[in-house]
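Student: I have a structure to go through with you. Could we discuss its helices and then a strand?
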Amino acid sequence: MSRQTWTDVDAYFDGLLVEEDEALREAAADSAAAGLPPHQVAPNQGKLLHLLARIRGARTILEIGTLGGYSTIWMARALPEGGRLVTLEADERCADVATANIARAGLDHVVDVRRGRALDLLPQLVGADPFDLVFIDADKPSNPGYLEWAMRLTRPGSVIIGDNVVRDGAVVDGASTDPRVQGVRRFTELIAAHPRLTATALQTVGAKGYDGLVMALVTH
């Protein structure tokens, strides 16, 4: 199968099942126009995050890695009245674009964009209400640290999602010198060994290429 076939299949299902409105399309377009890397989730992946948040009944969401705010919008729209989403972004340019995109979507009263290194910002969230869903989509070498904080900031029943874990299949290469691959491998190994987590991983193909995600449930 070619990547074009994957893209065509995505387009088919997106046309039937994914409601990507003007605010989402403009968020993606403005991110590209600003020169941000094309790393935001695909529309069907955004809808998956939205559905997972609704299935969980999430009232509080933590996103690590905002980029241009595309995934942020999808997840924030899943929140009930009074819900909140905290998103952390180290790159000022990304944070600026995301803030504008979130405001245009009418979600600036729901979303709290915090600027700085996530590992510096996460300790500031201790003592707040636990998060029902955590979406980790930032620098992969830091994924083990993000997992440690996610466990501190969640509760039984919370869901933790780690994106971009397959890396075109490189995740199986234990000898890889790529720190992103090693970060993902350690992240997954820590999830597998954690006594309070049960998890699975899914490979994905589509318009965004060959990758995948890990989903974990905090059990107790």
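Student: Which residues are buried in H7?
Tutor: Please bear in mind that this is a predicted model. The buried residues of H7 are Asn143, Pro144, Gly145, Tyr146, Leu147, Trp149, Ala150 and Met151.

Student: Turning to another pair, at what angle do the axes of H2 and H5 cross?
Tutor: Helix H2 (residues 22-33) and helix H5 (residues 92-104) have axes that cross at roughly 160 degrees and come within 10 Å. Because an angle over 145 degrees counts as roughly antiparallel, H2 is described as roughly antiparallel to H5.

Student: Is the crossing left-handed or right-handed?
Tutor: The crossing of H2 past H5 is right-handed.

Student: Which residues make the contact?
Tutor: From H2, they are Glu26, Ala27, Asp30 and Ser31; H5 contributes Val97, Asn101 and Arg104. Sorted by class, the contact of H2 with H5 comprises 3 charged, 2 polar and 2 nonpolar residues.

Student: Now the strand. Where does Val113 lie?
Tutor: Val113 is part of strand E3, which covers residues 111-115.

Student: How far apart are Val113 and Val97?
Tutor: Their C-alpha atoms are 11 Å apart in space, and the two residues are 16 residues apart in sequence.

Student: Which residues does Val113 touch, then?
Tutor: Leaving aside residues up to four places away in sequence, Val113 touches Thr87, Ala95, Thr99 and Ile102.

How values were computed. Residues are numbered from 1 along each chain as its sequence is written. This is a predicted model: local features need pLDDT of at least 70, side-chain atom pairs count only at pLDDT 80 or more; totals for chains, interfaces and linings use all residues. Side-chain values use heavy atoms; hydrogens and water are left out. Axes are lines fitted to C-alpha atoms, for helices over the stretch in contact, and angles run from 0 to 180 degrees between N-to-C directions. Helices (H or I, at least four residues) and strands (E, at least two) are DSSP runs, numbered from the N terminus. Angles under 35 degrees count as roughly parallel, over 145 as roughly antiparallel, 65 to 115 as roughly perpendicular and the rest as oblique. A crossing is left-handed if the near helix is turned anticlockwise from the far one by less than a right angle, and right-handed if clockwise. Contact means heavy atoms within 4.5 Å. Ala, Val, Leu, Ile, Met, Phe, Trp, Tyr, Cys and Pro count as nonpolar, Asp, Glu, Lys and Arg as charged, and the others, Gly among them, as polar. Buried means under 20% relative accessible area, exposed over 50%, partly exposed in between (1.4 Å probe, protein chains only).
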